[in-house]
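The following exercises concern the sequence and the model shown below.

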Amino acid sequence: MTASPTAIDPAVTGRAAALDWVELSGYPTRRNEAWRYAPHKKLAELSFGPPVALTTSVPDLGDLIPALDGPRIVVVNGVVNTELSTMTGPTGLHLSSLLDARREQPDRLAVHFDRVKSQISDAYMALNIAFGGDGAVVRVDAGATLEVPIHIVDVEVPDETRNASCTGVVIELGAGSSATVVETRIGVGADFGGSNIRTTITIADDASLEHVLLQNVPASHMHLSNIDVTQGANSKFLARSFNLGASYGRVAYRVDLAGSRAHADLSGLFFGFGDQVLDQQINVVHSAKNCTSRQTYRGVLDDASTGIFNGGIDVLPGADGTDAEQSNKNLILSDRAEVNTQPRLEILADEVACKHGATVGQLDESAMYYMRSRGIPAVEARRLLINGFADQVVDEVSIESVRTWINQRLGHDDV
Amino acid sequence: MLHVNNLTAAIGGKQILNDLNLEVGDNEIFGLLGPNGSGKSTFAHALAGRDGYDITGEVTLDGADLLDMEPEARAAAGVFMGFQYPVEIPGVNNMYFLRTALNSVRRARGETEVGARDFLNVSKKAMDLVEMKEDFLYRSVNAGFSGGEKKRNEILQMAIMEPRLAVLDETDSGLDIDALRIVAGGVNALRSPERSMVVITHYQRLLDYIKPDFVHVLVDGRIVKSGDHTLALHLEANGYADFENDLGDASEQSFAGAQS
């Protein structure tokens, strides 16, 4: 075990407050709408705490992650591994470990961590704030346009302590800047463990961010992620999540459209096998006028897997001229699989256009027959149809090597 | 090449084909005409192997028993059906679909697969035949295609698959005159001594472009009249009323038989 949290970070009060929050509010249960389908007993078996040093050698990342041109920060068991990381990048980009950044610029980072009670959504977020020591910080200067993607890789290698590391990622885009950040979460080993990663993103006026989340930890792990985004006026946020690994994989977004004419476009794919539970909790908050948001999520559930899409659109008073859409389409491949899809719309402003729709279906029998009549065997036709359904999310990713990696992960051919 | 003996097909207890008999020789094109609900599409699907029908009788292609085969095996045996309503498959690239289809059939026949570059040449030739632009290959199968584009895509597939027997189910429906000319031109170009075609249609119009060797009239699930292409002209002028009246008694008997 490395140093205790008090030693590694001066923001003791914030950490203590977060622990107090847990003490006071307790852990979520099935009665919490956002945690209804989570395996609470199993989550309680995880040991959340300060980073646990790796007892084995660092695994070979090789094919576990997409090959990207550009700088990267690799975090292993909650601690930045400088040997695997390339902290230098193009002009206008500043990369550092979270540990260094909080030590050197505590005031600047405080906004991401010193949360008032109402900003903490649940005990796991509080634990992340309380115990999170290290992680990645990405800052992009105003006006900078970054041509290469920034890769943040989180590697979990749990041991018999059932450790789940609490890691922080901070992304700040200056006014008028533009960047792509890929967060890949992987793990090694068959030991039970987990990761609890909290990403806070601020996108200043006129800036644009594509944020790709690749969750592919082993099936023996649980993964909790929280992505908290605040957008300035005329800014653009593109979120693409691929929730693929873990026995319980949770991807939670809270996007605050805080400046007028901001645009948020969130899409994602969850693809479950075995008895995986893949949970998407999406909250888009329109707090400024004339903002647009899109949520486009697809689920494919095989075997006895469970998918959850809980998508919220909150239009706050005064956010007139809001244009929000949400769609969730699901493909169920087995009679033991299930999907729970729920739109939540709360509209407290005027002149609002809000659309939502959800579908749950099985493989299109007429398409199966059509393909088979062309000589394509049933197994292959099924695979083509499933891939075709999933590809419509994959195609939204702008980086080819990321698309290739996802296709390989899903057992697709590259087309 | 194709023998159809006493073919019956029922769906949900409703008899659609009644003891249908048909012989198709090599290098023949025949038109299959009939009123709505006479069983034309069911005949096509019975050959292609669609699920959900109760089928009896015998259908052989070059001696092989088709009725025992899965749809993909029938395709490998040389059956191609041009769909009246081609299915949209969003997310599946047309070229990938076509190449997978061709190579699946070739694999089933023990032939070598066609590589990506060779396939591009094969598909280019087929595209010229139906006057399709290259971007067709990169779109999803039939997704967002116009009615005419879908039917051209069917003929494109036929050109690539090079079937022994093509059954074209109302390939003319929903086509304007230009699209009809293109589709018919494609079909005519694909005539071959090793290939026969069944052209199912409502109207004489298509048969102006694709001149059949024989015309069969299907009413109430059986062939009530056969002749040369002038039979189609007769039907265009007089409709099906003659045949429907002729058949009244016979069809009642067969329905009674099916229920007992």
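A residue is termed buried when its relative accessible area is under 20%, exposed when that area is over 50%, and partly exposed in between, with a 1.4 Å probe and protein chains only. The model is predicted: local features need pLDDT of at least 70, side-chain atom pairs count only at pLDDT 80 or more, and totals for chains, interfaces and linings use all residues. Residues are numbered from 1 along each chain as its sequence is written, chains are lettered from A and ligands numbered from 1 in the order in which they are written, and side-chain values use heavy atoms, with hydrogens and water left out.

**Exercise 1. Describe the interface between chain A and chain B.**

Step 1. Begin with the contacts, defined as heavy atoms within 4.5 Å. On this basis, 22 residues of chain A meet 31 residues of chain B.

Step 2. Consider next the buried area, which is the accessible area (1.4 Å probe) that two parts lose on being put together, summed over both. Between chain A and chain B it is about 2,100 Å², and carbon and sulfur atoms give 65% of this area. On the side of chain A, the residues that lose the most area to chain B are Y369(A), Y370(A) and R374(A), which together account for 39% of what that side buries.

Step 3. Count the polar contacts, that is, pairs of N or O atoms within 3.5 Å; within protein, one atom must be able to donate a hydrogen and the other to accept it, and residues adjacent in sequence count only if both atoms are side-chain atoms. There are 10 residue pairs in polar contact between chain A and chain B, both residues being at pLDDT 80 or more.

Step 4. Classify the residues: Ala, Val, Leu, Ile, Met, Phe, Trp, Tyr, Cys and Pro count as nonpolar, Asp, Glu, Lys and Arg as charged, and the others, Gly among them, as polar. The side of chain A that touches chain B then has 10 nonpolar, five polar and seven charged residues.

**Exercise 2. Identify the partners of R372(A) in chain B, and state whether R372(A) is buried or exposed.**

Step 1. Side chains of opposite charge can pair when their charged atoms come close. A salt bridge is counted when a side-chain nitrogen of Lys or Arg is within 4 Å of a carboxyl oxygen of Asp or Glu. Three salt bridges are counted between chain A and chain B.

Step 2. One partner of R372(A) is E72(B), with the closest N and O atoms 2.6 Å apart. Another is E70(B), also with 2.6 Å between the closest N and O atoms. R372(A) belongs to helix α7 of chain A and E70(B) to the loop between β5 (64–65) and α2 (71–77) of chain B, so this pair joins two chains.

Step 3. R372(A) has a relative accessibility of 15% and therefore counts as buried, whereas E70(B), at 45%, is partly exposed.

**Exercise 3. Explain why helix α1 (residues 40–48) of chain B is described as largely enclosed.**

Step 1. Eight of the nine residues of α1(B) are buried, so the helix is largely enclosed by the rest of the structure. The buried residues include K40(B), F43(B), H45(B) and L47(B).

Step 2. Just after α1(B), G49(B) has a positive phi of about 100 degrees.

Note on methods:
Helix = DSSP H or I, 4+ residues; strand = E, 2+ residues; numbered from the N terminus.
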